[in-house]
Amino acid sequence: MRGEELTPWLIRYAYSQGAFPMTMDDGSVEWFQPIHRALFPLSGIRLSRSMRRVLRKLTYPHPLPAPGAPTSPQGEGESSTPQPPSSKTNHLEEGGFRITFDAAFEQVMRACLRPEDNWISEEFIRVYTQIHFEGWGHSVEVWRQGELVGGLYGIALGSCFCAESMFHRATNASKVALWAMVERCRELGFTIFDAQVMNPHLESLGAISVPHADYMEMLQGALGKTTAWST
């Protein structure tokens, strides 16, 4: 597929084969199939005590998290799901975050651009934004006092959500975005949350490494299902 123009059809086909694209330094697009895949359990990401305090100040759209949804053990009887903030408190004035979904997809993509080692190009922004308009590209936005300070975007194939990139402009904003997206994917019935390539940061948040063959077996099962986000 080297040299092919990126299209939604090509993206869908490649992801169904366990591959994803990255832009190289010379502007060309290469496709990758890692020998191990980084996946997040849908039971929730690993949270520190300080992150739980951050999440208790969130303003988020109902229903998030899903009532009665299972959560992963966090030690000392604590779960990954914080209690909803009190309606009597203005958490934005306290410096809390507000979460939205699919409210600023292209803005999130552009915010993920990096000065160095950047693999997102204008071509990527064009095609993934088109995928968003088609209904299977999704984003979570993290706001503070009306400013976009964090977010994450990805695509939905069957019951597999493939997270592409995330960013932050405020401390903990990307972790909030990841937490919110995992919670929403569980709520919607996803069976895989794919973070692509493992790194120490993802591992610290609870990502697990899965061999490519195991991932492909899981993916084939997920492609036969559907969710409200994978139309």
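Visitor: Which residues have the most contacts inside the largest nonpolar core?

Guide: This is a predicted model, in which local features need pLDDT of at least 70, side-chain atom pairs count only at pLDDT 80 or more, and totals for chains, interfaces and linings use all residues. Residues are numbered from 1 along each chain as its sequence is written, and side-chain values use heavy atoms, with hydrogens and water left out. A nonpolar core is a set of buried Ala, Val, Leu, Ile, Met, Phe, Trp, Tyr and Cys residues joined through side-chain atoms within 4.5 Å, where buried means under 20% relative accessible area, exposed over 50% and partly exposed in between (1.4 Å probe, protein chains only). The largest one has 38 residues, and those with the most contacts inside it are Ile-11, Tyr-128 and Tyr-153.

Visitor: Which element gives the most to this core?

Guide: Helices (H or I, at least four residues) and strands (E, at least two) are DSSP runs, numbered from the N terminus. Those that each supply at least two residues of this core include helix H1 (8-16), strand S6 (147-157) and helix H7 (212-223). The one that gives the most, with five residues, is H4.

Visitor: How far apart are the end C-alpha atoms of H7?

Guide: The expected span of a helix is 1.5 Å times one less than its number of residues. H7 has 12 residues, so it should span 16 Å. The model agrees, with the end C-alpha atoms apart by 16 Å.

Visitor: Within what arc do the buried residues of H7 fall?

Guide: The buried residues of H7 are Tyr-215, Met-216, Leu-219 and Ala-222. The arc is taken from the directions from the helix axis to the C-beta atoms. The buried residues line one face of the helix, because seen down the axis of H7 they fall within an arc of 120°.

Visitor: Which residues are exposed on the other side of H7?

Guide: The buried residues of H7 are covered by elements including H1, S6 and S7. On the other side of H7, the exposed residues are Ala-213 and Glu-217.

Visitor: Is Ser-174 buried or exposed?

Guide: Ser-174 lies in helix H5 (residues 173-188). Leaving out residues up to four places away in sequence, Ser-174 touches (heavy atoms within 4.5 Å) Met-166, Phe-167 and His-168. Because its relative accessibility is 10%, Ser-174 counts as buried.
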